[in-house]
Amino acid sequence: MASETVAQEGAARKVSLREELTARRKAMTPDIIDERGLKVQARFLATPYYQKARTVALYAPIRGEVPTRDILIAALQDEKIVCYPLSHVHGRILSFRAIKSEAELEPGRLGVREPTNSAELIPVDQIDLFVVPGLGFTRDGKRLGRGGGYYDATLRAASARSRRVGLAFGDQVVDTMPTTSEDVDMDLVVTESETLRGLYRDWDFVDT
């Protein structure tokens with residue numbers, strides 16, 4: 001019973017933390033998001049994780065998430081394979097398709113931009129680097145998503161050589177966060193002002 005109570009308390013704390021972080025996100029104006037987003041993306045592009053990765057999974061931001069357009073443009077210029085998740089999910093693991101230009105992204109059934117059906121499917125185990133959104137992160141790489149668990153399930157199904165970097169604004173970094181064994185930690189969390197070490201595993205992306 002004690003473990004059940006702890007689990008319930010943790011779940012309740014996650015709900016209240018989600019509400020608080022969602023309110024913080026809604027308070028950010030589009031101008032602030034764009035201005036800070038440029039800094040987050042520039043800082044991310046300077047990391048060895050980005051520089052060494054061959055196949056990068058990005059996300060198309062929804063309101064309040066860190067933009068990723070500069071990363072897309074840079075990655076295509078650097079001749080990396082760039083893929084995005086699809087809204088149609090079979091089970092809990094996301095499917096990804098690669099794009100060759102921004103024009104290949106169009107609004108999906110949830111209104112979030114995603115690759116067209118003609119884009120090439122990329123198996124999850126071929127992705128080197130996952131760029132991950134979140135409502136909140138801790139300084140040691142813990143992540144709070146929107147509660148669906150899709151990214152956690154996908155990252156657990158990915159190759160052991162893959163790495164994950166969370167993008168966040170400074171307002172999204174919190175001191176503590178309730179977690180369960182289902183939650184997956186980040187290797188880095190990049191904000192507009194600092195790069196926070198999470199797991200900080202090697203970035204050679206070699207098969208282990």
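**View A. Ile71, Leu72, Ala74 and Ala75 are the buried residues to look for in helix H4.** Buried means a relative accessible area under 20%, exposed means over 50%, and partly exposed lies in between, using a 1.4 Å probe and protein chains only. This is a predicted model, so a word on how to read it: local features need pLDDT of at least 70, side-chain atom pairs count only at pLDDT 80 or more, and totals for chains, interfaces and linings use all residues. Residues are numbered from 1 along each chain as its sequence is written, and side-chain values use heavy atoms, with hydrogens and water left out. Helices (H or I, at least four residues) and strands (E, at least two) are DSSP runs, numbered from the N terminus. The cover over the buried residues of H4 includes H2, helix H3 (48-52), E2, E3 and E10. As a reminder, an α-helix has 3.6 residues a turn, so residues three or four places apart point the same way.

**View B. Here helix H2 (residues 30-45) packs against helix H4 (residues 69-77).** The angle between the two helices is about 35°, and their axes are 8 Å apart. Axes are lines fitted to C-alpha atoms, for helices over the stretch in contact, and angles run from 0 to 180 degrees between N-to-C directions. On the H2 side you will find Leu38, Gln41, Phe44 and Leu45, which meet Arg69, Asp70, Ile71 and Ala74 of H4. The residues of this contact divide into 5 nonpolar, 1 polar and 2 charged. In that tally, Ala, Val, Leu, Ile, Met, Phe, Trp, Tyr, Cys and Pro count as nonpolar, Asp, Glu, Lys and Arg as charged, and the others, Gly among them, as polar. Contact means heavy atoms within 4.5 Å. Two of the H4 residues named here, Ile71 and Ala74, are also buried.

**View C. Follow the chain just past H4 and you reach Glu79, with a positive phi of about 60°.** Glu79 sits in the loop between H4 and E2. Its phi is positive although the residue is not glycine. Glu79 is exposed, with a relative accessible area of 73%. Another residue to look at is Tyr200, a non-glycine residue with a positive phi near 50°. Tyr200 belongs to the segment after E13 and is partly exposed, its relative accessible area being 29%.

**View D. An open sheet is built from 8 strands in the order E6-E3-E2-E1-E7-E10-E12-E13, with mixed pairing.** Two strands pair if DSSP finds at least two bridges between them. At the edges are E6 and strand E13 (195-197), each pairing on one side only. H4 packs on this sheet, where it touches E2, E3 and strand E10 (163-167), and its direction makes about 145° with that of E2. Strand E1 (residues 55-57) runs parallel to E2 and pairs with it over 3 bridges. Within that pair, Val56 stands opposite Val82 in E2.

**View E. Zoom in on strand E3 (residues 96-99), where Phe96 and Ala98 point one way and Arg97 and Ile99 the other.** All four of these residues are buried. Strand E2 (residues 81-85) pairs with E3 in the antiparallel sense over 4 bridges, and Cys83 has Ala98 of E3 as its bridge partner. E3 also pairs with strand E6 (residues 121-122), again in the antiparallel sense, over 2 bridges. There, Arg97 stands opposite Leu121 in E6.

View F. Leaving aside residues up to four places away in sequence, Arg156 touches Glu182 and Val184. Arg156 and Val184 are 28 residues apart along the chain, yet 7.3 Å separates their C-alpha atoms. Arg156 is partly exposed, with a relative accessible area of 42%.

**View G. Stepping back, the protein has 5 helices and 13 strands.** Its radius of gyration is 17 Å, close to the 17 Å that the globule rule gives for 208 residues, so the protein is as compact as a globular protein of that length. That radius is taken over C-alpha atoms, and the rule is 2.2 Å times the number of residues to the power 0.38. The C-alpha trace spans about 50 × 40 × 35 Å along its principal axes. Of the 208 residues, 48% are buried.
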